[in-house]
Amino acid sequence: KSAFNGRDLRKIYVTGETEVQALRGVDLDIAVGEVLVLLGPSGSGKSTLLNIIGGLDRATSGTLWYRDTELTALDDADLTRFRRANIGFIFQFYNLIPSLTARENVQLVTDIAADPMPAEEALERVGLAARMDHFPAQLSGGEQQRVAVARAIAKRPGVLLCDEPTGALDSGTGVRVLETLARANTELGTTLILITHNAGIAAMADRVFHFLDGRIASIVVNETRIAAA
Ligand code: ADP
Ligand code: ADP
């Protein structure tokens with residue numbers, strides 16, 4: 001079953017007199033529950049695609065479906081509704097509110113989501129049960145990122161989009177963040193799409209899309225993981 005299906009997605013950024021072709025015809029089919037890594041040089045279009053998939057930006061042309069909904073046909077209000085209901089984001093920097101505890105940062109989301117898990121459960125799932133009442137400044141970088149993961153999974157999104165989730169962390173700390181993402185995938189069935197330069201993450205993916213110059217130049221399938229599923 002498809003989570004996302006995209007055909008001939010193109011994105012042109014226009015700044016003054018200059019045009020940048022960020023996506024030059026991307027076709028994709030991403031399965032529900034898949035772990036997908038986007039790899040490729042800086043400027044090859046990975047973030048542009050992630051933002052379009054997450055409804056933060058729009059393709060210039062092409063079609064994109066999420067399950068039974070054509071995202072490219074939605075107006076802005078419906079696209080925002082789609083994003084809030086279905087997508088969780090993890091960025092390189094955690095974007096926690098410094099004056100709120102870990103629990104309160106997660107509650108910001110659980111207070112408005114349709115079917116959230118309790119903030120406490122989300123924090124337990126990322127191994128922070130003992131740190132719920134700490135403020136961000138009292139947590140390590142890896143712990144702050146795990147709060148960000150808890151905040152993202154608390155609304156039970158079908159999809160988690162991660163842009164360099166371990167980019168600001170040392171490798172040992174990064175591994176713990178990855179474990180929390182992998183658990184969301186196996187225990188909650190969350191589809192994971194990650195931009196990363198981290199080889200360890202690429203190894204845990206079902207597939208790796210290699211981007212080059214606005215296109216998916218090649219796709220590497222991880223047979224080991226498919227066989228294990
Ligand atoms: P990657 O994530 O692989 O580094 P991006 O998707 O960020 O690549 O960028 C693809 C291309 O689009 C680059 O040439 C980049 O400079 C350009 N680009 C990205 N965002 C914008 C924007 N908001 N305005 C203009 N150009 C942009
Ligand atoms: P909303 O606040 O509209 O409900 P979400 O909670 O679904 O949005 O998360 C998407 C948010 O991520 C957007 O509000 C957007 O401003 C923010 N965002 C987008 N790109 C980045 C980035 N690179 N770093 C941090 N935040 C970002």
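Predicted model: local features only at pLDDT ≥ 70, side-chain atom pairs only at ≥ 80, totals over all residues.
Ligand 1 is considered at the outset. Its surroundings are formed by Tyr-13, Val-20, Ala-22, Pro-41, Ser-42, Gly-43, Ser-44, Gly-45, Lys-46, Ser-47 and Thr-48. By class, this shell holds 4 nonpolar, 6 polar and 1 charged residues. Two elements, β2 (18–31) and α1 (46–53), each supply at least two residues of the shell. The largest share comes from α1, with 3 residues.

Oxygen atoms of ligand 1 take part in several polar contacts with the protein, and both backbone and side-chain atoms are involved. A polar backbone atom of Gly-43 is 2.7 Å from an oxygen atom of the ligand. For Gly-45, a backbone N or O atom lies 3.0 Å from an oxygen atom of ligand 1. Lys-46 contributes through its side chain, where a polar atom lies 2.8 Å from a ligand oxygen. Taken alone, ligand 1 exposes 560 Å², and the protein buries 62% of that.

Ligand 2 has a shell of its own. The residues around ligand 2 are Leu-56, Arg-83, Arg-84, Phe-89, Phe-91 and Asn-95. They divide into 3 nonpolar, 1 polar and 2 charged. Ligand 2 exposes 560 Å² when taken alone, of which the protein buries 48%.

The search for open space gave a largest pocket with a volume of about 610 Å³. Its lining comprises 25 residues. Arg-84, Ile-87, Val-109, Ile-112 and Lys-155 lie nearest the pocket centre. Arg-84 also belongs to the surroundings of ligand 2. Several elements each supply at least two residues of the pocket lining: α2 (76–86), β6 (87–90), α3 (102–110) and α5 (141–153). By class, the lining has 15 nonpolar, 3 polar and 7 charged residues.

The structure holds 1 cavity of 30 Å³ or more. About 60 Å³ of space lies in the largest cavity. Its lining is made of Arg-125, Val-126, Ile-153, Thr-180, Arg-183, Ala-184, Glu-187 and Leu-188. Helix α6 (residues 171–188) gives the most to this lining, with 5 residues. The lining residues of the cavity divide into 4 nonpolar, 1 polar and 3 charged.

The strands complete the picture. An open sheet is formed by 4 strands in the order β2-β1-β4-β5, with antiparallel pairing. Its edge strands are β2 and β5 (69–70), each of which pairs on one side only. Strand β2 is also an element that supplies residues to the shell around ligand 1.

Key:
Residues numbered from 1 in each chain as written. Chains lettered and ligands numbered in written order. Heavy atoms only, no water. Near = heavy atom within 4 Å. Areas by Shrake-Rupley, 256 points an atom, 1.4 Å probe, with all protein chains shown as cover. Nonpolar A, V, L, I, M, F, W, Y, C, P; charged D, E, K, R; others polar. 1 Å grid on protein atoms, 1.4 Å probe; cavity = no way out; pocket = protein on both sides within 12 Å on 5 of 7 lines; lining within 4 Å. Points joined across faces, edges and corners; volume = space filled by probe spheres on them. Polar contact = N/O pair within 3.5 Å; in protein donor to acceptor, adjacent residues only side chain to side chain. Pairing = 2+ DSSP bridges.
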